[in-house]
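Work through the exercises below with the structure on display. Each task is followed by a solution in steps.

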Amino acid sequence: MKRLLVGIAAVAGAFVLAACSGGGASPANVTGGGAVEAGAGGGAPTTSAVTSSSAPATTSSAPATTSSPATSTAKPKPTSTKPKPKPTATKPKPATTTADVPCAKAAAASGTAACVDISAHKAWLLQDGKVIYGPVSMLPGREGYATPTGSFRVLSKEKMHYSREFDNAPMPNSVFFYPGDAFHTGSLKTYSHGCVHLSATSSLKFFNTLHVGDVVQVVP
């Protein structure tokens, strides 16, 4: 019985030694192979073991995952367009009212009419009592040839009149409101011989606006 136990113990010890030495195969770099070298001190065998990792490096065979571009599902923000500011309405300058015109009869007349202020050297055109043109600059007659004052009516119109009394002097855009006296183009620096001098632009406006029979009022 003792022999049997000793035998089992020997087998178990050999199994343990084999399991710790890597399966019983002696690596090539282990010196001495486990035997005691002759003349090596007569003691227990000395083994110089060099541990070498024989396991191959693990290579990841899994293909690299390619990151596909993310699809954006977010809708683009609408571009905000600011409404255009409304244009600022510019208030028209108030027209000259009949209160500024010193001619009551011309302001009360129906249709077109004319007003002349000799002392202010101003003239206006009116339509149904409302100022439609003026005031514009004018020059009346000189001393000894005063422009007549009062309320008159247009007698005649002549695009180019020549004054027989004054050496056929030209009187463009003539509108006669008194015998021998008219609105016409004339100098605004030299007084007339009784007519109402207007600039070329103003005389044309008076000529085109006034009609025979229209009221003309001249105040001092």
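Contact here means heavy atoms within 4.5 Å. The model is predicted, so local features need pLDDT of at least 70 and side-chain atom pairs pLDDT 80 or more, while totals for chains, interfaces and linings use all residues. Residues are numbered from 1 along each chain as its sequence is written, and side-chain values use heavy atoms, without hydrogens and water.

**Exercise 1.** Find the residues in contact with L210, leaving aside neighbours within four places in sequence.

Solution. Step one: the list holds T112, A113, A114, L125, V154, K157, V175 and F183. Helices (H or I, at least four residues) and strands (E, at least two) are DSSP runs, numbered from the N terminus.

**Exercise 2.** Is T112 buried or exposed?

Solution. Step one: buried means under 20% relative accessible area, exposed over 50%, and partly exposed in between (1.4 Å probe, protein chains only). Step two: the relative accessible area of T112 is 8%, so T112 is buried. Step three: T112 sits in strand β1, and its side chain makes a polar contact of 2.3 Å with that of D214. A polar contact is a pair of N or O atoms within 3.5 Å; within protein, one must be able to donate a hydrogen and the other to accept it, and residues adjacent in sequence count only if both atoms are side-chain atoms.

**Exercise 3.** Describe the surroundings of M160.

Solution. Step one: M160 belongs to strand β5. Step two: at a relative accessible area of 36%, M160 is partly exposed. Step three: beyond neighbours within four places in sequence, M160 is in contact with P170, M171 and P172. Step four: N173 is 13 residues from M160 along the chain, and their C-alpha atoms are separated by 6.0 Å.
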